[in-house]
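Q: Please take a close look at helix packing in this model for me. After that, I'd like to hear about the ligand's surroundings.

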Amino acid sequence: MRRKLVVGNWKMHGSRPANAELLSALMAARPFALDVAVCVPAIYIHETAATLAGSDLRWGAQDVSQHAQGAYTGEISAAMLAEAGCRYAIVGHSERRAYHGETDQVVADKAQAALAKGVTPIVCVGETLAQRDAGETEAVVKRQLSVVIHQLAHCASEIVVAYEPVWAIGTGRTATPEQAQAVHAVLRAQLQAATGHGERMKILYGGSVKADNAATLFVQPDIDGGLIGGASLKAADFIAICRA
Ligand code: PGA
């Protein structure tokens, strides 16, 4: 039985007072019957760590450099994330792919850099609306994931995968549970074939998950939890999702 995981992706939101309020509400709502983490803007990681340390809540980053160290102005290495106690780093989010030109290979390199320092990469895959309409969903997500699997080889079973259809992110347009389940089943079969451990790997769904649709998504056999954007910024909503 795979333990469910819900991860908040705060994106570029927050402030010290708002974060303190949100995190203290999360702390007060424990314990949850699943694993819960928040991926916060890098500048808030240390403060988040200080607040959540000693609890069963985990924290992480929204990106990581593919490089170990060096002259990469503005970048943050996996070793730095590990030093700050990060359990997770999101890699290959569609916003990074779209606005920062991250290719499948860069995403794979980032996943590898994270794993090398003991930070679990949450590898995001997902198709655009045009790709879905063209019937390319399966081919797109399998290609995105295959580059990561190939790069990581025997370590590939250590990642978390997040299926995030681009057309569902921040749009209020969630994939139906059936649509999401269908893609998750494809991804799990791919992971199983490549690693032999697909049955124990977590595949999260992300894209307009809210308190009122989380339960019907999470009950699907291959959906192991969610990557939550907008709804992770409001304590009541995020807590409701964690209890869904
Ligand atoms: P959303 O974002 O929940 O606001 O749609 C999800 C994500 O981008 O991870």
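A: The crossing of α5 and α7 is right-handed, meaning that the near helix is turned clockwise from the far one by less than a right angle. Helices here are DSSP runs of H or I with at least four residues, numbered from the N terminus. This is a predicted model, where local features need pLDDT of at least 70 and side-chain atom pairs pLDDT 80 or more, while totals for chains, interfaces and linings use all residues. Residues are numbered from 1 along each chain, and side-chain values use heavy atoms, without hydrogens or water.

Helix α5 (residues 104-116) packs against helix α7 (residues 137-152) at about 45 degrees, with the axes 9 Å apart; axes are lines fitted to C-alpha atoms over the stretch in contact, and angles run from 0 to 180 degrees between N-to-C directions. That angle makes α5 oblique to α7 (under 35 degrees is roughly parallel, over 145 roughly antiparallel, 65 to 115 roughly perpendicular, the rest oblique).

Helix α1 (residues 16-29) and helix α2 (residues 45-52) cross at roughly 30 degrees, their axes coming within 10 Å. These two are therefore roughly parallel to each other, and their crossing is right-handed.

A polar side-chain atom of histidine 93 lies 2.6 Å from a ligand oxygen, and a polar backbone atom of glycine 229 is 2.9 Å from a ligand oxygen. The protein buries 97% of the 280 Å² that the ligand exposes taken alone (Shrake-Rupley method, 1.4 Å probe).

How values were computed
A polar contact is a pair of N or O atoms within 3.5 Å; within protein, one must be able to donate a hydrogen and the other to accept it, and residues adjacent in sequence count only if both atoms are side-chain atoms.
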